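Please keep the sequence and the structure in view while reading.

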Amino acid sequence: MAKLNTLRNQSLQDNATIMLRVKHDLCPEHIQGLFQENNSSCNLTNSDFTISIYNTVKYGNRSLRYAGPLLWSKLTKCIKKAISLSAFKNKIRTSNLETFVGYDYYGLIRRIRQHFLYILCIHSRVRERTA
């Protein structure tokens, strides 16, 4: 029986393909405009794109503007240096991209901070009532 990709892995493969097209100017301008290339001379990360900060908890970390550059930064140089689009697709089809992404620590930190601020807000309301 053939091993099928999960929906998440297929989605990650599609996002990686979009990022390759953005990198090599092979997509429309309205998609190209979603991303900013990382032109910093002291780039310590493996990223060719700046990873934007998202404002919403519900969809922000799943948006292409955030998830695309994050995925691209996690890909190995061997995959990124594919000589053609078809070679790139073959490389990512044989890879499990879910292992590259891992857990979203930025989203976790943001949720912890929001929870902490919520607790502080409740605490200040309780103090106002008792005073």
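Asp25 is not a glycine. Most residues other than glycine have a negative phi, and most peptide bonds are trans. Asp25 belongs to the loop between helix 1 and helix 2, and its relative accessible area of 56% makes it exposed. Here buried means under 20% relative accessible area, exposed over 50%, and partly exposed in between, computed with a 1.4 Å probe on protein chains only.

The model is predicted: local features need pLDDT of at least 70, side-chain atom pairs count only at pLDDT 80 or more, and totals for chains, interfaces and linings use all residues. Residues are numbered from 1 along each chain as its sequence is written, and side-chain values use heavy atoms, with hydrogens and water left out.

The protein contains seven helices and zero strands, giving the pattern α-α-α-α-α-α-α along the sequence. Helices (H or I, at least four residues) and strands (E, at least two) are DSSP runs, numbered from the N terminus. The protein has 131 residues, of which 27% count as buried. Among its contacts with a separation of 6 or more, 59% join residues 24 or more positions apart; a contact means heavy atoms within 4.5 Å.

Helix 1 comprises residues 7-23, 17 residues in total, and spans 24 Å from its first C-alpha to its last, close to the 24 Å expected at 1.5 Å a residue. That expected span is 1.5 Å times one less than the number of residues. At the start of the helix, a side-chain oxygen of Thr6 comes to within 3.1 Å of the backbone nitrogen of Asn9.

Which residues of helix 1 are buried? They are Asn9, Leu12, Gln13, Asn15, Ala16, Thr17, Met19, Leu20 and Val22. An α-helix has 3.6 residues a turn, so residues three or four places apart point the same way. The cover over these buried residues includes helix 2 (29-32), helix 3 (64-74), helix 5 (85-93) and helix 6 (98-101).

Asn9 is buried, with a relative accessible area of 2%; leaving aside residues up to four places away in sequence, Asn9 touches Ser95, Asn96, Leu97 and Glu98. Ser11, also in helix 1, is partly exposed at 37%.

The packing of helix 1 against helix 5 can now be considered. Helix 1 and helix 5 meet at an angle of about 150°, with their axes 10 Å apart. Helix 1 is therefore roughly antiparallel to helix 5. The contact involves Gln13, Asp14, Ala16, Thr17, Leu20 and Arg21 of helix 1, together with Leu85, Phe88, Lys89, Ile92 and Arg93 of helix 5. Axes are lines fitted to C-alpha atoms, for helices over the stretch in contact, and angles run from 0 to 180 degrees between N-to-C directions. Angles under 35 degrees count as roughly parallel, over 145 as roughly antiparallel, 65 to 115 as roughly perpendicular and the rest as oblique.

Helix 3 contains Tyr66, which is buried at 3% relative accessibility.

Conventions. Polar contact = N/O pair within 3.5 Å; in protein donor to acceptor, adjacent residues only side chain to side chain.
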